[in-house]
Amino acid sequence: MEASLQFLGTAGARHVVAAQSRHSGGLVWRVAGATVWVDPGPGALVRALSAAPPLDPAAVTALVLTHRHLDHAGDATAAVEAMTGGGFHARGALYAPADALDEEPVVFRYAQRFPRAVVRLRAGGSYRLAPGLTLETPLAHDHGVETYGYRLAFGGLTACHVVDTFWMDALPEAYAGADLLVVNTTRRSGRDRRILHLGADDAERLVAAVRPRLAVLTHFGKQLLAGPPARFALAISERTGVPVVAAEDGMILPLTPEALDAPGAPG
Ligand SMILES: [Zn+2]
């Protein structure tokens, strides 16, 4: 199995999710022989089964919820049931912040008994998802609810996913050394404390500081979609000198050192 990242959805925030103008299925890492499904929002199970190639939920090694918001966890219980054969096969692991699992859980309590393991994420946490595959959650994001971005290390590569957050000066350090940097870029400009999302301006600052081999923008709000996202990606790329692409629903990115250095044709 060639290592890859598949976007089952690229929607960010309420309007785009409600209209499904982009899908909200989350993303799937197929790395180190493992399958990691992150942030199954509304419709994620349908998107998984109808994707090309489809994602077999019963083959998922780890289901990761970065935080409890609907666009990241709307199908979480459905995903857990599908991952565990309706609860009849104790397998797979669920990783989520405590506030997604305890009070008003976004994975119903009965289904929290189904996976082989349920792990509460924490700042500074390091988790071995599979042999040769480590997930780290370097810091808690500034997003109103308990939220963690992550670093995935496998096969000599580091892929980081900077999920929903208000800008934090600690972000570049937390995601330093990324070969691939995926940034949830929901708005044109960030720095609005009422919203607590990164803007394209924040994404540019992050890309310029981290300087990955390739950066991918995703999790688009309505404002950014009108851009369109590819225009923002190109502008960031031109100003920073770092290759940047805008994710599309269904896009598959091969995760080999060669592919990361030749990003012209993702998928
Ligand atoms: Zn959110």
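Guide: Here's a tour that starts at the metal and moves on to the salt bridges and the cores. Keep in mind that this is a predicted model.

Let's start with the zinc ion. Its ligands are His-67 through NE2, His-69 through ND1, His-143 through NE2 and Asp-164 through OD, at 2.1 to 2.4 Å. Written along the chain, the donor spacing reads H-x1-H-x73-H-x20-D. His-69 comes from the loop between β4 (62-64) and α3 (70-73), while Asp-164 comes from the loop between β10 (157-162) and α7 (171-174), so this pair ties together parts 95 residues apart in sequence. As for geometry, the angles subtended by the four donor atoms run from 86 to 179°, which makes the arrangement irregular. The burial of that pair is worth a look too: Asp-164 is buried, at 1% relative accessible area, whereas His-69 is partly exposed at 27%.

Stay with the loop between β10 and α7 for a moment, since Asp-169 sits there as well and pairs with Arg-205 of helix α8 (residues 200-210), 36 residues apart. Theirs is a salt bridge, with the closest N and O atoms 3.4 Å apart. Asp-169 is exposed, with a relative accessible area of 62%, and Arg-205 is partly exposed at 40%.

Arg-191 lies in the loop between β11 (180-184) and α8, 11 residues from Asp-202. Across the whole structure, the search turns up 11 salt bridges.

Now for the nonpolar side of things. The largest nonpolar core counts 36 residues, and those with the most contacts inside it are Leu-5, Trp-29, Leu-129, Leu-133, Leu-180, Val-216 and Leu-255. Take Leu-255: leaving aside neighbours within four places in sequence, its contacts are Ala-3, Ser-4, Leu-5, Trp-29, Val-31, Phe-154, Leu-157, Leu-180 and Leu-260. A second, separate core has 27 residues, including Leu-171, Ala-200, Leu-217 and Val-242.

Notes:
Residues are numbered from 1 along each chain as its sequence is written. This is a predicted model: local features need pLDDT of at least 70, side-chain atom pairs count only at pLDDT 80 or more; totals for chains, interfaces and linings use all residues. Side-chain values use heavy atoms; hydrogens and water are left out. A nonpolar core is a set of buried Ala, Val, Leu, Ile, Met, Phe, Trp, Tyr and Cys residues joined through side-chain atoms within 4.5 Å. Buried means under 20% relative accessible area, exposed over 50%, partly exposed in between (1.4 Å probe, protein chains only). Contact means heavy atoms within 4.5 Å. Donors are N, O and S atoms within 2.8 Å of the metal (3.2 Å for Na, K and Ca); water is not among the atoms, so sites may look incomplete. Four donors count as tetrahedral if all angles lie between 85 and 135 degrees; four count as square planar and six as octahedral if opposite donors are over 155 degrees apart and all others between 65 and 115; anything else is irregular. Helices (H or I, at least four residues) and strands (E, at least two) are DSSP runs, numbered from the N terminus. A salt bridge is a side-chain nitrogen of Lys or Arg within 4 Å of a carboxyl oxygen of Asp or Glu.
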